[in-house]
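Good morning, and thank you for coming. Today I would like to speak about aromatic rings and their surroundings.

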Amino acid sequence: NTGKISNVELQFRKKDGEIGFAMISCEFIELNGKQCILTLVNDISETKIVSHALLESQSRFWNFFNNVESIVWIKDLEGKFIDVNVYTEKNLNLNRKQIIGKSIQEIFPDYKGNLYTENDKTVINTGKIHVFEEEALVFGENRIYLSTKFPIFDTQGKFNAIGAICADITKLKKTEQEKEAILKAVPDLLFKIDNNGILLGYQCI
């Protein structure tokens, strides 16, 4: 009815057999007293390839982000949470809406918020990856995390956020402490061995 179509996406096959994509617009015009069809064809194959690659990349990222069995978060440079993964929501017993846009002090006002902030500032000030041992109160239990924190840059190369992957090492630390306690409880021994390596005796010291 309008005598034209605008920005219709179509597929076509190139000479080499590959599938291409085009954006087509057509309209009736009068040229030298005759009705003609003006057709504009814009090859958007490269744009489609880039767009598809971006979607694939985003999909892989979000699959990784939400399936890591560790606390994972992204903050802006002011310390406000930009995003958290599902594991973080479960461990903090909070949903994303209760976390996004808030600082760690607002979420944990009475529990080592300053330590987290100082560690974040170290990454912000250096622009480098750092690893910290941090503690958090989770469901009333003190947990120990090995936190890898790193700078995040935008597409222009500007440092605009920090990210972290925090692995729970509470059991590992407890095992280490138990081993140390056992070693401390065992007395030191002085062994007497001859030149042939035969044990002649020992005594506690």
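**Aromatic rings in the model**

F159 is buried, as its relative accessible area is 19%, which falls under the 20% limit for that class. Please bear in mind that the model before you is predicted.

Let me turn to how rings are paired. Two aromatic rings are described as a pair by the distance between their centres and the angle between their planes. Five aromatic pairs are present in this structure.

One of them joins F61 and W62 in an edge-to-face arrangement, with 5.0 Å from centre to centre and 70 degrees between the planes. How exposed are the two partners? F61 has a relative accessibility of 36% and is therefore classed as partly exposed. W62, at 39%, is likewise classed as partly exposed.

Another pair consists of F153 and F159; here the rings are tilted, with centres 5.5 Å apart and planes at 45 degrees.

I now come to a group of three rings. Which residues form one cluster with F61? The aromatic cluster is made up of F61, W62 and F65.

Finally, let us consider charges placed over rings. K75 has its charged end over the ring of W73, at 4.2 Å from the ring centre. K48, in turn, lies over the face of F21, and the distance to that ring centre is 5.2 Å.

Thank you for your attention.

Note on methods: Residues numbered from 1 in each chain as written. Predicted model: local features only at pLDDT ≥ 70, side-chain atom pairs only at ≥ 80, totals over all residues. Heavy atoms only, no water. Phe/Tyr/Trp six-rings, centres within 6.5 Å; stacked < 30°, edge-to-face > 60°. Buried < 20%, exposed > 50% of the residue type's maximum accessible area, 1.4 Å probe, protein only. Lys NZ or Arg CZ within 6 Å of the ring centre and 35° of its normal.
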